[in-house]
Amino acid sequence: MEFTPLVAGVTGSQRATSYTRRAITHTLAAAERAGADTDHIDLGSTDLPLYDPDRDLAEAGDAEALLERVRAADAVVVGSPNYHGSYSSTFRNFHDYCGFDEYADTPVGLVVVAGGGTIASPLDHMRVTMRGVHADVVAEQVGIRNASRFFEDDRLVDDDLAERLDDLAGAVVDAAYRWALAEREPRTQA
């Protein structure tokens, strides 16, 4: 089967020195090594006004183009810093724009980055809300506690964490191949 999956990575952080951005960048590089094309959607560098369901998408900054990039992806890895025990408002605002058209039957991997030790609740919140728009959330997920100890000079320096992010990338790429194969196979009736 001639198919190269496109994996989009969404960074839900505004910080210029974001560890979330670094983790997503690493994961996308791992997806490329696994045979995928990639697209990094860095929400910190977009014009995305606060979601208003009454606003026309054409009048909502980069929203229309961002949604098209997610719809074009065969798999997505979403990442957010932990803010007050959940995901960031930056990620939430973007996620509010998204729906079934963007995520139905799309493999999604989750990454949460914390300056301290709390990652479980944000991962749970991301999993539940992604499944709410019919994403196929893969079992692999990565939570990074005390993030500053894993990065130096804009690069990941911990081999165990690198392996976990590589495994996540492999899981979404493999899931994208499975979905593509399932779409090409004729369905049989029992």
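**Strands, cores and buried residues**

Mentor: Val108 stands opposite Val137 in β6. This is a predicted model, in which local features need pLDDT of at least 70 and side-chain atom pairs count only at pLDDT 80 or more, while totals for chains, interfaces and linings use all residues. Residues are numbered from 1 along each chain as its sequence is written, and side-chain values use heavy atoms, with hydrogens and water left out.

Trainee: What makes β5 and β6 a pair of strands?

Mentor: Two strands pair if DSSP finds at least two bridges between them.

Trainee: Why is the crossover from β5 to β6 called right-handed?

Mentor: The chain passes from β5 through α5 to β6, and this β-α-β crossover is right-handed. The term applies if, with the strands pointing away from the viewer, the path from the first strand over the helix to the second runs clockwise.

Trainee: Which other strands pair with parallel partners, and over how many bridges?

Mentor: β3 and β5 pair in the parallel sense over six bridges, and Gly79 has Val111 of β5 as its bridge partner. Six bridges also join β1 to β2 (residues 37–42), again in parallel. There, Thr11 has Asp42 of β2 as its bridge partner. Helix α1 (residues 19–33) carries the chain from β1 to β2 in a right-handed β-α-β crossover.

Trainee: How do you know what counts as a helix or a strand?

Mentor: Both are DSSP runs numbered from the N terminus: helices are H or I over at least four residues, and strands are E over at least two. The chain has six helices and eight strands. Along the sequence they follow the pattern β-α-β-α-β-β-α-α-β-α-β-β-β-α.

Trainee: What makes β5 largely enclosed by the rest of the structure?

Mentor: A residue is buried under 20% relative accessible area, exposed over 50%, and partly exposed in between (1.4 Å probe, protein chains only). Seven of the seven residues of β5 are buried, so the strand is largely enclosed. Pro107, Gly109, Val111 and Val113 lie on one side, and Val108, Leu110 and Val112 on the other.

Trainee: How do you know whether Thr27, Ala162 and Tyr177 are buried or partly exposed?

Mentor: Thr27, in helix α1, has a relative accessible area of 1% and is therefore buried. Ala162, in helix α6 (residues 159–184), has 14% and is buried too. Tyr177 is also found in α6, but its value of 28% makes it partly exposed.

Trainee: Why is a group of residues called a nonpolar core?

Mentor: The name is given to a set of buried Ala, Val, Leu, Ile, Met, Phe, Trp, Tyr and Cys residues joined through side-chain atoms within 4.5 Å. The largest such core has 30 residues, of which Val76, Val78, Phe94, Tyr103 and Met130 touch the most other members. Two or more residues come from each of β1 (6–11), α2 (63–72), β3 (75–83), α3 (89–97), β5 (107–113) and α5 (120–132). α2 gives the most, with four residues. A second, separate core of 28 residues includes Ala36, Val111, Val113 and Val173.

Trainee: Which residues of α3 are buried, and what covers them?

Mentor: Thr90, Phe91, Asn93, Phe94, His95 and Tyr97 are buried in α3. Their cover includes β1, α2, β3, β4 (86–87), α4 (100–103) and α5. Among the residues that Tyr103 touches, beyond four places in sequence, are Phe94 and His95.

Trainee: How do you know whether the radius of gyration agrees with that of a compact globule?

Mentor: The radius is taken over C-alpha atoms, and the globule rule is 2.2 Å times the number of residues to the power 0.38. For 190 residues, a compact globule would have a value near 16 Å; the chain has 16 Å, so the two agree. Of the 190 residues, 47% count as buried.

Technical notes. Contact = heavy atoms within 4.5 Å.
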